[in-house]
Amino acid sequence: MPSETDIFEQLRQELRRGTLILAVLAQLRVERYGYSLRQALSSVGVDIDEGALYPMLRRLEGQGLLSSEWREEDRRKKRFYRLSSEGEAVLARLAAEWRSINDTLQPLL
């Protein structure tokens, strides 16, 4: 039988998964490369490891929500990501959904 800590950690990861997508999309209203995105997220208290971030970026790009391009900066090639127009529309809808969920749950918590 899993311990309370194991159960909490599993549920925390499930809760975090959707919020990370929202945070990533929101941060990519401004063009960023992977490391700068991680720094931007960390600066607002959202930590994400590379092993989760890069697969998420590829998936979001595959869904048409992001666009990317390779460019050289500081003599290093970096892949820059930003929201596509479809990504902007989905972010707006997700943000509205987030606010609605928060408003609904807040009195319960």
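Student: Where is Leu108 found?
Tutor: Leu108 lies in the segment after α4 (85–105). Helices are DSSP runs of H or I with at least four residues, strands are E runs of at least two, and both are numbered from the N terminus.

Student: Is Leu108 buried or exposed?
Tutor: Exposed, because its relative accessible area is 68%. The cut-offs are under 20% for buried, over 50% for exposed and partly exposed in between, with a 1.4 Å probe and protein chains only.

Student: What about the model itself?
Tutor: It is predicted: local features need pLDDT of at least 70, side-chain atom pairs count only at pLDDT 80 or more, and totals for chains, interfaces and linings use all residues. Residues are numbered from 1 along each chain as its sequence is written, and side-chain values use heavy atoms, without hydrogens or water.

Student: New topic. Which helix holds Gln27?
Tutor: Helix α1, residues 4–27. Gln27 counts as buried because its relative accessibility is 18%.

Student: What is Gln27 in contact with, leaving aside neighbours within four places in sequence?
Tutor: Arg32, Leu37, Ala40 and Leu41. Contact means heavy atoms within 4.5 Å.

Student: Now strands. How many bridges pair β2 and β3?
Tutor: Eight, in the antiparallel sense, with β2 at residues 66–73. Pairing needs at least two DSSP bridges between two strands. Leu66 has Leu83 in β3 as its bridge partner.

Student: And the turn?
Tutor: β2 and β3 make a hairpin with two residues between them. Asp74 in that turn has a positive phi of about 55°.

Student: What joins β1 to β3?
Tutor: Two bridges, with the strands antiparallel. Tyr33 stands opposite Phe80 in β3.
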